[in-house]
Amino acid sequence: MALLAIVMGSAEPLVPITHLTSAQTSANSIPLTNPRFYNSEPLSDPFTGGESLAAPTNVELPILMYHHVGELPYNADTIRRGLTVSTANFETQMRFLWEKGYKTVSLGTLLTALQGREGLPSQAIILTFDDGYKDNFQNAYPILKRYGFTATFFVIARYIGRPEYLSQEDIREMVTGGMFVEAHGLTHIDLTTIPPAALPKEILEARQNIEAYTGQQVRFFSYPSGRYNETIIKVLRENNFWGAVTTHYGRQHSLDDAFQLKRIRVSGSDSLATFAAKLGGR
Ligand SMILES: [Zn+2]
């Protein structure tokens, strides 16, 4: 708690909280189920670090994709309705996952599992949020904490601090609470529409900004509007990203697809029955 108070009480300009991981993992009181401990310990670079202890393996695991969690504005259009899961529905979905014994893991853990270097809990699931909306912090984060879940938030670096988007402080608090913040581009421009020479700025400047706020390495990318090509994947690979998520539907993953990870969209119109069906009937 003292650590948290120091972090929360620090004044501008924000100082990266790089000391958090070592401080937390060295504390005897952290249980093995602590998400930061669980996720930070086994992560050497899945592509260049450490030895491969086993053959790559395929994994079935739902990666859920959320956007807004909250109430709809009065003038919400069809797109906004589709992208918005009400807070009540989100709570119901998280309670359902908890009751069914699902365990949230990080994308890093999935990658090491795909390499055959780490096992996964039998009911493993990954929760992701795109765009970095303020309501993720206000509405989703308290519920995630209640159930002991972690999630990955893909934020648009330039939008941090704008009205309706996560602030630096929101991000720091969520990271301190065990959440992961990864990159969704600098400006959310469709990367397939810009010259290849402009890709490093959109990808690497976004990473730099986010890392300065979180003190965590950014290792994963969510393609803006789900659009990508081989050139974009090449830039990610060459800059030591570990993987990227798409908007393609599916829950089967292999190491070959690390930069084309499939997800399952949770929509505003999902009932608990359709939500449960999307998980794969487990
Ligand atoms: Zn987006």
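## Report on a predicted chain

With 18 C-beta neighbours inside 10 Å, Asn209 counts as partly exposed. The scale behind that word runs as follows: a residue is buried if 20 or more other C-beta atoms lie within 10 Å of its own, exposed if 12 or fewer, and partly exposed in between, with C-beta atoms placed from the backbone. Asn209 belongs to helix H9 (residues 199-214). Ala183 is 26 residues from Asn209 along the chain, and their C-alpha atoms are separated by 9.4 Å.

This is a predicted model, in which local features need pLDDT of at least 70, side-chain atom pairs count only at pLDDT 80 or more, and totals for chains, interfaces and linings use all residues. Residues are numbered from 1 along each chain as its sequence is written.

**Confidence and overall make-up**

pLDDT is the predictor's confidence in each residue, from 0 to 100. Its mean over the chain is 85, and 80% of the residues reach 70 or more. Residues 1-43 stay under 50. The model has 40 contacts beyond four places in sequence for that stretch. Where pLDDT is low, the predicted coordinates should not be read in detail.

The chain has 11 helices and 12 strands. Both are DSSP runs numbered from the N terminus: helices are H or I, at least four residues, and strands are E, at least two. Of the 282 residues in the chain, 37% are buried. Two residues are in contact if their C-beta atoms, placed from the backbone, lie within 7 Å. Among contacts with a separation of 6 or more, 66% join residues 24 or more positions apart.

**Helices**

H9 packs against helix H10 (residues 230-238) at an angle of about 40°, with the axes 10 Å apart. Axes are lines fitted to C-alpha atoms, for helices over the stretch in contact, and angles run from 0 to 180 degrees between N-to-C directions. H9 and H10 are therefore oblique to each other. Angles under 35 degrees count as roughly parallel, over 145 as roughly antiparallel, 65 to 115 as roughly perpendicular and the rest as oblique. H9 supplies Leu199, Pro200 and Ile203 to the contact, and H10 supplies Thr231, Ile232, Val235 and Leu236.

How many residues of helix H6 are buried? Eight of eight, across residues 107-114. Among them are Leu107, Gly108 and Leu114. Just after H6, Gly116 has a positive phi of about 80°.

**Strands**

Strands pair if DSSP finds at least two bridges between them. Strand S12 (residues 261-265) runs parallel to strand S2 (residues 63-66), joined by two bridges. Arg265 in S12 is the bridge partner of Met65. S12 also pairs with strand S10 (residues 243-249), again in the parallel sense over two bridges. There, Tyr249 stands opposite Arg263.

**Loop residues**

Ser267 sits in the loop between S12 and helix H11 (272-278). Ser267 is partly exposed, with 16 other C-beta atoms within 10 Å. Leu83 is 184 residues from Ser267 in sequence, yet the two C-alpha atoms are 5.9 Å apart.

Most residues other than glycine have a negative phi.
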